[in-house]
Amino acid sequence: MRMRAIVATWLALAATASSAAQAQPGACLTASEVTDLAQVVLPEAIGAAGQVCARVLPVTAAIRQTNGALLTRYRSEADRVWPQAKRVIGKIGGVEGTAMLDSDLVRPLLTTILVAQVTKTINVRDCTSIERIYTALAPLPPRNTADVAAQILLLTIQAKARRGEKIDLPVCFETAK
């Protein structure tokens, strides 16, 4: 799979989060907070990838399954981490602690926007590789998979920053000691 397709998928997450609201000056997200966001949207992103790849992968492909133990684990963990992810969304938009974040519409809106972005970034030529990555990560806890996705996103953002490009998500760049 082209690394560009993976990066584009996670950049879509960044664009979605930043387009919802302008970050407060000085606010930045930690790697753990980016992982929280990734964990919440992971089940929907997997579903979107499965829909796109339905054209080229067999019906038995793991990425195409809409139910089952693996996706149930991802959904359960996404539900568990939603309160933390809500705080992250509030931090990005400067609306922490407001009733707006308690709306039942916030999470579906976030995931719907992301799914549309993910769907646009997937090339069907990459579906076999996406399937292999998904099945290779399957034995890991959902948090680990979300952390892999978050780290790819953070590396991409750091590369953009080094090139002087606009950074879509306000992240805290931790320096090695």
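Begin by selecting arginine 80 and glutamate 77: they lie 3 residues apart in helix α3, so about one helical turn separates them. Helices here are DSSP runs of H or I with at least four residues, and strands are runs of E with at least two, numbered from the N terminus. The two side chains form a salt bridge at 2.8 Å, N to O; the term denotes a side-chain nitrogen of Lys or Arg within 4 Å of a carboxyl oxygen of Asp or Glu. Arginine 80 is partly exposed at 45% relative accessibility, and glutamate 77 is partly exposed at 22%. Buried means under 20% relative accessible area, exposed over 50%, and partly exposed in between (1.4 Å probe, protein chains only).

The structure is a predicted model, in which local features need pLDDT of at least 70, side-chain atom pairs count only at pLDDT 80 or more, and totals for chains, interfaces and linings use all residues. Residues are numbered from 1 along each chain as its sequence is written, and side-chain values use heavy atoms, with hydrogens and water left out.

Next, colour the chain by pLDDT, the predictor's confidence in each residue, from 0 to 100. The chain average is 80, and 78% of the residues score at least 70. Confidence is lowest in helix α1 (residues 3-20), with a mean of 42, and highest in α5, at 95. Across residues 1-24 the pLDDT is below 50.

Return to the salt bridges, of which the whole structure holds 5. Select lysine 91 and glutamate 33, whose side chains meet at 2.9 Å, N to O. This bridge joins helix α3 to helix α2 across 58 residues. Lysine 91 is buried at 19% relative accessible area, as is glutamate 33 at 18%.

Then select arginine 143 and aspartate 36, which form a salt bridge at 2.6 Å, N to O. Arginine 143 belongs to helix α6 and aspartate 36 to helix α2, 107 residues apart. Arginine 143 is partly exposed at 26% relative accessibility, whereas aspartate 36 is buried at 7%.

Finally, turn to the largest nonpolar core, which has 44 residues; Val34, Ile63, Ile122 and Leu169 touch the most other members. Such a core is a set of buried Ala, Val, Leu, Ile, Met, Phe, Trp, Tyr and Cys residues joined through side-chain atoms within 4.5 Å. Helix α2 (31-53) is among the elements giving two or more residues to this core, and α2 gives the most, with 12 residues. Select isoleucine 63: beyond neighbours within four places in sequence, its contacts (heavy atoms within 4.5 Å) include Ile46, Cys53, Ile130 and Tyr134.
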